[in-house]
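This report considers selected features of one protein chain. Please keep the sequence and the structure at hand while reading.

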Amino acid sequence: MHQFEYRLVKGTMENILWKIVYKGFEPEQEGLRETICALGNGYLCTRGAAVEAIPSEIHYPGTYIAGVYNRLPTHIAGRTILNEDLINCPNWMYLTFRIGDWEWFCPSSAKILFYQQELDMKQGFLYKKIRFQTHKGFRTRIEEKRIVNMAEPHLVALKYSITPENYSNSITVRTMLDGAMLNMNVERYRQLSFTHWQPYNLGRFGEDGIYLCKKTSSSDIGVCEAAKLRIVCGNKQKNISIEVLKHGKAVIGQEFRIFVEKGKTYDIEKIAAIYTTQDAGIKNPKTAAIKHLKNSKWFNQSLNIHIKAWAQLWDKIDLYIQGDAFSQKILRLHIFHLLQTASKHNVKIDAGFPARGLHGEAYRGHIFWDEIFAMHFFDFNLPDTAKALLMYRYRRLAQAREYAKVNGYKGSMFPWQSGSEGTEETQQIHLNPLSGKWGADHSCLQRHISFAIAYNVWRYYIISGDIEFLINYGAELLFSIAHFGASLTYYSNKDKRYHTKGLMGPDEFHEKLPNAESAGLQDNTYTNFMIVLTLLYAEKMLKIIPEKNKIRLLKKLGIDQAELKFWHKITYRMKIIINEQGIISQFAGYFKLQELDWAYYRKKYKNIHRLDRILKAEGKSPDAYKVAKQADVLMIFYLLPLSEVADILSNLGYKWNKNLLRKNYNYYVKRTSHGSTLSKVVHCYIAHILRKKKEAWDWYREVLESDIYDTQGGTTPEGIHTGVMGGSIDIALRAFAGVEITDDYLKITPKLPECWNKMKFQLCYKGKLINFKLSKSVLNIYISQNNAESFAIKFKINSSFFTIKTNESFKFSL
């Protein structure tokens, strides 16, 4: 049974397609709903937890601010380790009440008569309606609206409406800024240190305001939250006497008591402003928060400007689907959450793109390679945001250079997991929740993260045409990574090829060969291929940037002509292992591994996504078997057009054709557990280009269902999966609409799914807004002209080339 409703009693279908609706309070589903109903604006994000709740096994209030990390030591498994976490900031939301002197209301402890919550994605707010009854028979209706303001990133607000249905009595309302928050969202991390905050300052301002200031224990980041409160009945503000409550130096609250009359509604409005010492131009976050709050409007006015900001975003970014309500709704949900993780506000924020959003504490809020699946969304829709995310990497080039140097490499080697500083944040040991044992974690050997960044730099340039970024930042990023990639290789006189060793691929289940003394594998195909791709991008870039800039950059990076010749040699002599049947080996020695009895493990464990944990709990090792967590070899064919893959392999001296892709897909799909949601994205795209329509569609449904149904069984309550969300949009545009980027033109080869009748979307390409309307039979294109300069874009639609000018409508029969 689906966990959310498609239909409401009232409302048009168009309205329904903008909402996620949950009916009934289900404690076991609360964690998932908190993530799905989280609200954010790129600067901060607040989980959709009950405002009346404190952290418990049912509820987990969480607010996370982009770039606010802290590092703590933990003594565990006989050693002391350091972990840096995106930290749970003080809870600004807390608000509850009680009737007379009875118990304080909380959904998980009350007798609920009616419960419904709606995430309105179009207008960007969360709405809850609850009816409950006390043991004395008093019935109360509660309605709540909540926003994290997209127009004013430091502002959050809620309106909490109380209606006594069958009684008149006094009620006491209590609200708090709760600074006693811990990082406890992920159960398997709870053996690690989780107290990140130190008390700093709290107090009252004016007649209706309070503030709470805290500092992180090691990163020394100051955060201040200021809140004001009022109560309105019948459009008139009530005069109330507010008592300030203090619980040590961690919590400050407000409390007031009023008499409520049966049938009347009392609106309690709480507005809060949040600032940190990391905010640009902010010296004192307390002063900034109080000043902002004093100048801010109350809830309805804040809601109006917030809705307007979301309307402007959706006007540019909405992906319209006709014929498939589920796809339409979930694609909008994915767009909504990507925009809450990174938005226009990121231009002023030095923060990356966390793999699990700002929605929870999984992966400790770190930045991985997942952005390779989502960056295209920002490239095409919010190029300034895409650039800001790349600038996060650029600002950490010095740390990447040092990381490469201490590991014996040249250039810049970015960490597998990055946080605040750009140093390696990958955990040293990892808990297997099935066995309860801690084991060594070698995933930092996934050096391919650097080449993902290079890929993102090149894609951003090709889509945006931002030559200024390329000259000032992008070229240095890409050349530094290319320098590193070349230094990873070594030459073998035996086969006259360049090789790599000591690395891990995206698969992650394989850390080394069986019985090997040290971690790392030789000639991971994906990594080797991405090194070649990065070097080829560097060669292209040399022809693009002006000569004087090129000379200055190469001198700065210590790259001479001999080095460039070395790079070029690698592009046609890199080792890729392909057997006689045309199967590309994931790494050297892969074909000698044992086959796994997949039927046995599926029957015994049902869910075998994390086969690595299952095998280790049995005393075995995934290193011994042909098993993969996710697509590894096949990633190559997800990232690049087949023609480009064929050209690179041909240049390396390997024969390739589409039939070999089919063989490799059929080979590896049988040996992959899909322990990462990203795997389904890759397999979906490749099944599509192989014209396996039903299989591709089945994969796509799984991609769409990943977070909304928490198909991995407990991971979504710990945060969204930004990669799969970005991947779902990428497949819709690149596979189904058939939009493919080349260096010189846009290629369009539409193949709509059977249940999709129409698509409508806009893309920003070379600074121009292109409007697409697509049906099974017709493609309409219109290029908007946003300045006086006329512009033309070259298209290849199916097999024909066309040049379309701005302000020109173009219609193509499919």
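Two residues are in contact when heavy atoms of theirs lie within 4.5 Å. The model discussed here is predicted.

R396 is found in the loop between α7 (383–394) and α8 (397–406). Is R396 buried or exposed? Its relative accessible area is 6%; burial requires a value under 20%, so R396 is buried. Apart from its neighbours within four places in sequence, R396 has contacts with D350, F414, G419, S420, E421 and G422.

Helix α7 is itself mostly covered, since nine of its 12 residues are buried. Among them are A388, L389, L390 and M391. The buried residues of α7 pack against α6 (371–381), α8, α9 (448–464), α10 (467–487) and α12 (547–557). The 12 residues of α7 should span 16 Å at 1.5 Å a residue, and the C-alpha atoms at its ends are 16 Å apart, which agrees.

**A sheet of four strands**

An open sheet has four strands in the order β7-β12-β18-β17, and the pairing is antiparallel. Strands β7 (95–99) and β17 (243–247) stand at the edges; each has a single partner strand, so one side of each is left without a neighbour in the sheet. On average, neighbouring strands of this sheet are turned by 25 degrees against each other, direction ignored. Strands of a sheet pair through backbone hydrogen bonds. In the antiparallel pairing of β12 (residues 169–178) with β18 (residues 251–260), there are 10 bridges. T172 stands opposite R257 in β18.

**Aromatic rings**

The count of aromatic pairs comes to 48. One of these pairs is formed by Y700 and F736; the pair is edge-to-face, with 5.0 Å from centre to centre and 85 degrees between the planes. Y700 belongs to helix α20 (residues 693–708) and F736 to helix α21 (residues 722–736), so the pair ties together parts that are 36 residues apart in sequence. Y700 and F736 are both buried. Elsewhere, ring pairs link Y363, F368, W369, F373, W416, Y526, Y638 and Y685 into a cluster.

Rings also take part in another arrangement, in which the charged end of a lysine sits over a ring, as the table shows.

| Charged residue | Ring | Distance from charged end to ring centre |
|---|---|---|
| K569 | Y491 | 5.2 Å |
| K794 | F801 | 5.0 Å |

Note on methods
Residues are numbered from 1 along each chain as its sequence is written. This is a predicted model: local features need pLDDT of at least 70, side-chain atom pairs count only at pLDDT 80 or more; totals for chains, interfaces and linings use all residues. Side-chain values use heavy atoms; hydrogens and water are left out. Rings of Phe, Tyr and Trp (its six-membered ring) pair if their centres lie within 6.5 Å; planes under 30 degrees apart count as stacked, over 60 as edge-to-face and the rest as tilted. Helices (H or I, at least four residues) and strands (E, at least two) are DSSP runs, numbered from the N terminus. Buried means under 20% relative accessible area, exposed over 50%, partly exposed in between (1.4 Å probe, protein chains only). A charge sits over a ring if NZ of Lys or CZ of Arg is within 6 Å of the ring centre and within 35 degrees of the ring normal. Two strands pair if DSSP finds at least two bridges between them. Axes are lines fitted to C-alpha atoms, for helices over the stretch in contact, and angles run from 0 to 180 degrees between N-to-C directions. The expected span of a helix is 1.5 Å times one less than its number of residues.
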